[in-house]
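Here is a short tour of one protein model, written for someone who likes to check backbone geometry. Have a look at the sequence and the structure, and then read on.

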Amino acid sequence: MISMLQLALWLSFFFTSTWAFSAPNPKSSPNVFDTFDTFIEMRTGFGKGNGASEEVYWMGEGQLYDSPSGKILANVDGFDVSRGIEIADGHVRQFSRKIFWFRDPGTNEIMTEYKGKPVKPIKYDWQVFDLKRGENEADPSMTPILPSVLKGPRLVPCMPVIPRFAGKEQMMFQCPLFIDVETHFGRYQAWEFYDYIIDTTFNENRPPSLAWSRQGPNPPFNADSGVMHFMGHRLTSFEDLPEHIQKVVNEDYPLFQSAPDGMEEVEMLEAALQTNGKS
């Protein structure tokens, strides 16, 4: 039987308002942005451009649908908070945590049960990703980003993050994820696509945005296959989050006010998980 723990797999590479990114790559032609540096600065805040920030928040909302009926089973909202630390040239380590709540589609109140079964927020107290510069011999200025999960309560396979331009002033990054793993509860299969969009003119009225789609098991709502769609954007401080989110976090989940400081904190959380048996 599939559990809520397995549902947490869909949050593996997420999901977390300023604008902007790194300066153009001097090795490329004028007005061509270094796609690795651009993605890193957008996603984690690490960099030297207008988008640099100590940490970044990706906040959004969406719906969980039954498939194929299209019935809305729950509203979903939450956020990811991340920071980046440079390990070497072309190698940045992302420290993240994330939390998302299921809400009643009628009242939008946080759900605690569905048809008599408990509903809890999906949360990762920590995740650590290594993000490395890939190669594109055909066009070195459009290098892919190579992610891998270094540490986390759940490990999933990652695929290259692919950049492309949409016009002259907008860049898109596609992050595909296909999951087919054995768990304590049986085989778990799902697919997801994360699409980040950035305005390279650094317009503060158009912050980086994210669209995310997923199909797979969604217990306790749907044990076989449901569809999740989520839209969000980038923020640079906890105080920029919606007030109702800040209130819940401050009262019940203070750990999620900021990203992990580094590996020492992550290892402490891992040790606590082994001791207490839960995150």
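In which sense do S3 and S6 pair, and over how many bridges? The two strands pair in the antiparallel sense, over nine bridges. Pairing here requires that DSSP finds at least two bridges between two strands, and the elements themselves are DSSP runs, numbered from the N terminus: helices are H or I with at least four residues, strands are E with at least two.

Before going further, please keep in mind that this is a predicted model, in which local features need pLDDT of at least 70 and side-chain atom pairs count only at pLDDT 80 or more, while totals for chains, interfaces and linings use all residues. Residues are numbered from 1 along each chain as its sequence is written, and side-chain values use heavy atoms, with hydrogens and water left out.

**Around strand S6**

S6 is largely enclosed by the rest of the structure, because nine of its 12 residues are buried. Buried means under 20% relative accessible area, exposed over 50%, and partly exposed in between, using a 1.4 Å probe and protein chains only.

**Helix H4**

Helix H4 spans residues 263-276, 14 residues in total, and reaches 20 Å from its first C-alpha to its last, close to the 20 Å expected at 1.5 Å a residue. That expected span is 1.5 Å times one less than the number of residues. Its buried residues are Glu265, Val266 and Leu269. They cover an arc of only 100° around the axis, which puts them on the same side of H4; the arc is that of the directions from the helix axis to the C-beta atoms. Strands S3 (91-103), S6 (122-133) and S7 (145-151) are among what covers these buried residues, where contact means heavy atoms within 4.5 Å. On the face turned away from the buried side, H4 carries the exposed residues Glu264, Met268, Gln274 and Thr275.

**Backbone points to check**

| Cis peptide bond | Omega |
|---|---|
| Serine 67 to proline 68 | near 15° |
| Proline 219 to proline 220 | about 0° |

Proline 68 sits in the loop between S1 (56-66) and S2 (72-88), and proline 220 in the loop between S11 (209-218) and S12 (222-235).

Asparagine 108, although not a glycine, has a positive phi of about 65°. Asparagine 108 is partly exposed, with a relative accessible area of 37%.
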